[in-house]
Amino acid sequence: MLKRLFSAVAAVGLLLGAAASADAADVTVQVEGLAVQRGPVAVTTPATVNKDGTNTCPGNTAVGALEAGTSGDWSGDFMFGSYMPTTVLGETHPFGSGAYWSIYINGRYQNAGVCHVVVHDGDEVLIFASDDPFVPGSDGFDEPVLLQAPAVVTVGQPFTVKVVEADTGFDDLGTGTTEFHNSVGATVTAGDARATTGADGTATLTVTRPGPFTYVVTKGNRAPDRAPGCATTGSDGLCGTSPGTGTSPGTTTPFLGDGANDTHASFGRILGVRTAPATSASARRASYAAASIPTPPGSRTSSCASRAGWASAAPPTTPAPSATCG
Ligand code: B12
C-alpha cells in the first residue's frame, strides 16, 4: 500500500521534474555534515546532472546545486526517478544508519527527491546530515536554525541579528510543512563578537575587528547556519568601501520584521537546524506514526546571500539579491 502510494507520489515528482525549465539558477549551497562542512558557497547550477552514466536530471534542481556546491563530490543511487545522495564530501549516511542527507531550501523541508526540487536564483540550499526519525537515537542534526543579519556592519557599532528555527510537521502522507519560530537561546558569533538570542529571537553584537568574518549560529543539536559578514569603519577600503572617503557601509538599521526597512542588500541570512532535539524528533515520529510507519522505540531548518523579510519569523518568499562583502 505504502509502496503504491510512494510510486504515485514519485510519478508526480517525475512529472514535476520533467516540466522543470533548464535555466541555470544562481544559488548558495551549504553542507553541514557531522564531520564535514562547506559553504555557503555561491554557485550556478549546471544544465544537467548525470551521476551514474545512465540517469540524467535537470540541473536547475537541488541535485544541480549539490553537484555545483560540492564540485561533484557526492554519490548516491538513482531510484524512483531521483538520485538519493548517500555520500557527500566523503561522509556517508545510508538510509537506516541513523542519519541521512536531507535537503532544505530557504530553511524549508523539501517534499521531493533532489532531481525534482527546482531551485531559483537566490535560493539557499542546505544539505545536512539529518537525524533519521525511524532509527533509534539521535544520530544526525535536528532541523536548522536560520540567521538574519546585516552582511556589512560598522566596526565598534552594535547591530541586531535575528534567528529563527525550522519546525516541520508531517501529514498522513508524509508530506512535510515547515514553520519558523523565533529561536531563543541560539548562540551567534560574528568575528570577535558573540551573543545569545533572547525571547524574540534577536541578539545584539559589536564587531571590533575590521574585515571579513563568518557568522555562525548554533543551538543545541540543530544544524548550524553560516553566512559571510564584513566589518568596516566606512573608510578603510573594506567591505566595498573606498579608502579615506568615509563612505558609509550603510548597514546600521537592521530589518527585524515589518518589511518597512527591508533592504535586501544589507542583510545576510543563515540557514541552519531544527527543533530542540527531543521536540523535533518526537514530532516527526508522531506524524510519521500517523502514516502507519513503524516507529522505533526511543527514536526521536550563505555566502553573501542577503535576505530580509522574515517578518514574524516567516521566511522570505522572494529570493533577495546577493550582497557584496568586499
Ligand atoms: C521512511 C521514509 C523516509 C526515511 C527512509 C529511511 C528509513 N529509515 O526507512 C528517511 C527519513 C531517511 C527519508 C528521507 C527522505 N525522504 Co522519505 N519517506 C519515508 C516515508 C515516510 C515512508 C517510506 C516507506 O518506508 N515506505 C514503505 C516501504 C516498505 O516501501 P519502500 O519503497 O521500500 O520505501 C523506501 C523508499 O520510500 C525510500 N525512500 C524514502 N524516502 C525517499 C525519498 C526519495 C526521493 C527516494 C527516491 C526514496 C525514498 O526509503 C524507504 C525505506 O527503504 C515516505 C512517505 C510515504 N508514506 O510513503 C517518505 C517519502 C518517500 N520521502 C520523501 C522525501 C522527499 C524524502 C527526502 C528527499 C526528504 C528530504 N528533504 O530530505 C529524504 C531523502 C533524502 C535523500 N538523501 O535522498 C517523499 C518522496 C517524494 C518524491 N516523489 O520524491 C515521500 C513520499 C514523503 C513525501 N510525501 O514527501 N524518508
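**How the terms apply to this predicted model**

The protein has 3 helices and 20 strands, where helices (H or I, at least four residues) and strands (E, at least two) are DSSP runs, numbered from the N terminus. This is a predicted model, in which local features need pLDDT of at least 70 and side-chain atom pairs count only at pLDDT 80 or more, while totals for chains, interfaces and linings use all residues. Residues are numbered from 1 along each chain as its sequence is written.

Me: Why does Val 217 count as buried?
Reply: A residue is buried if 20 or more other C-beta atoms, placed from the backbone, lie within 10 Å of its own, exposed if 12 or fewer, and partly exposed in between. Val 217 has 31 C-beta neighbours inside 10 Å, and therefore counts as buried. In the protein, 51% of the 326 residues are buried.

Me: What makes strand 11 largely enclosed by the rest of the structure?
Reply: Strand 11 (residues 145-150) has 6 of its 6 residues buried, so the rest of the structure largely encloses it. On one side Val 145, Leu 147 and Ala 149 are buried, and on the other Leu 146, Gln 148 and Pro 150 are buried too, which leaves both faces covered.

Me: How do you know that strand 11 pairs with strand 13?
Reply: Two strands pair if DSSP finds at least two bridges between them, and strand 11 is joined to strand 13 (residues 159-170) by 4 bridges, with the two running antiparallel. Within strand 13, Val 163 is the bridge partner of Leu 147.

Me: Why are strand 5 and strand 7 called edge strands?
Reply: The open sheet of 3 strands has the order 5-6-7, with antiparallel pairing. Strand 5 (74-79) and strand 7 (91-92) each pair on one side only, and they are the edge strands. Strand 6 (residues 82-88) and strand 7 are joined by 2 bridges and run antiparallel; in strand 7, Thr 92 is the bridge partner of Thr 87.

Me: What is the average pLDDT of the protein, and where is the pLDDT below 50?
Reply: The average pLDDT, the predictor's confidence in each residue from 0 to 100, is 76, and 68% of the residues score at least 70. The pLDDT is below 50 over residues 1-21 and also over residues 249-326. Where pLDDT is low, the predicted coordinates should not be read in detail.

Terms used:
Contact = placed C-beta atoms within 7 Å.
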